[in-house]
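Subject: Structure handover

Hello,

Here is the structure I said I would pass on. Please read the notes below it alongside the coordinates.

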Amino acid sequence: MKIQTGNPARGNDFFNRKNLIQKAWDLIESGNHILIAAPRRVGKTSLMYFLLDHPKNNYIFLYLITESVNNENEFFRRVVNKVLKTDFIQASQKVMAFLEKIVPTIKKVGPSGVEFGVNEEHNYREMLGKILASPSEGKKLIIMLDEFPETLENIIEDEGASAGRHFLQSNRELRQQTEISDQVQFIYTGSIGLENVVSQLNAVNTINDLARLQIPPLKKEQAEEMMNLLLKNVDFELSEHLIKYILEKIEWLIPFYLQSVMQELKDLCRDEHITQITEAVVDQAFTNMLEQRQYFEHWHTRLRTSFKGKDYSFVKNLLNVASENGFISSNEIYDLAVKYEKEETFKDFVGSLIYDGYINNHGNPAKYRYNSPILRMWWRQNVAN
Ligand SMILES: Nc1ncnc2c1ncn2[C@@H]1O[C@H](COP(=O)(O)OP(=O)(O)OP(=O)(O)O)[C@@H](O)[C@H]1O
Ligand SMILES: [Mg+2]
């Protein structure tokens, strides 16, 4: 397993999270449409790639990232084009006949066959409905849509909240069309919480049919196993004790942090000609990691874009206090809400911070802490001070 800190992990570089994958398959095989709910960098896209690369028999996966799309018809055009390239559609006479009717020049449907260009005007939502409803000879199509909430946000920004609601409703109707729901399932995810965006639209009913798949952090044993796999491709060694030391420092054991620390250790060994890793070297690797602005900046920019004015001041100050003191109590949160005149809405904001992976109150319902001590340290150095 090679260190990978930027792109999603794929192939041999993917740490096989058997329980998670099993859970995903349980949901798929019982016919659910799924929302993968997890904070940034936790491994959502990597999981989708794994499913794409390892389909079970009679399942066909399609992966589409729609980040930059900003209107509904364009979204469905992209999905149609992708669906037309899958085995699900190939050789379907019915789909061919249907397409020939709307686009008479079409001769063949296949990998290099039909594709609808940006300038062609069709109702792609309707077209997709018809294509997906065509008989599939027992095959199931799983349509995985990455960065879906970003698309929704783009639509809201460019065309307003009601266009956003319409978009959600169209997706829901498509999922629930009877001829489709037997043979097509959708998996949605994205780097921002769909539930947060949807609840701001008061449109929770448009996604309440989705089964949630959480991506938990790794268990300690899994994290140890992953560290050992990563060690196979580097020039330095780590004792069991040091691995434990590293994992304790990381605490929130998402694969991304394991990868990042290993990358820093590798760089240190090379740049400083270090041959023997010690606790001090590990500490240095963590310090260096905190200086990698791109690893963490998105946590901050996300708040800048989704909260404005006093809302932003409220969440920022909440996180500042938690980063300084190690936690923030419910009373302190309430005091901040009063200060910024957010008594009505502050609970939703706290909910967003929990949902998006900043903080939790697991140990004690009245105390909120960072999920990740690394993020806490970063925040303290770069935002709070
Ligand atoms: N199963 C895995 N095995 C190895 N590394 C992983 C795994 N899952 C995630 N990672 C690490 O975490 C990083 C982020 O993974 P990925 O892009 O899949 O997360 P994401 O949740 O889609 O992130 P984003 O919210 O930014 O889109 C990868 O670059 C890799 O370092
Ligand atoms: Mg991703």
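Predicted model: local features only at pLDDT ≥ 70, side-chain atom pairs only at ≥ 80, totals over all residues.

Residues are numbered from 1 along each chain as its sequence is written, and chains are lettered from A and ligands numbered from 1 in the order in which they are written. Helices are DSSP runs (H or I, at least four residues), numbered from the N terminus.

Helix α13 (residues 279-291) has 13 residues and spans 19 Å from first to last C-alpha, close to the expected 18 Å (1.5 Å times one less than the number of residues). Its Val-282, Ala-285 and Met-289 are buried (20 or more other C-beta atoms within 10 Å of the residue's own, with C-beta atoms placed from the backbone; 12 or fewer is exposed, in between is partly exposed). These three lie on the same side of α13, because they cover an arc of only 55° around the axis (taken from the directions from the helix axis to the C-beta atoms). Ala-280, Asp-283, Thr-287 and Glu-291 are exposed on the other side.

The axes of α15 (residues 309-325) and α16 (residues 330-339) come within 10 Å and cross at roughly 150° (axes are lines fitted to C-alpha atoms over the stretch in contact; angles run from 0 to 180 degrees between N-to-C directions). The two helices are therefore roughly antiparallel (over 145 degrees).

Ile-21 sits in helix α1 (residues 18-29). Ile-21 is partly exposed, with 14 other C-beta atoms within 10 Å.

Regards

Notes:
Parallel < 35°, antiparallel > 145°, perpendicular 65-115°, else oblique.
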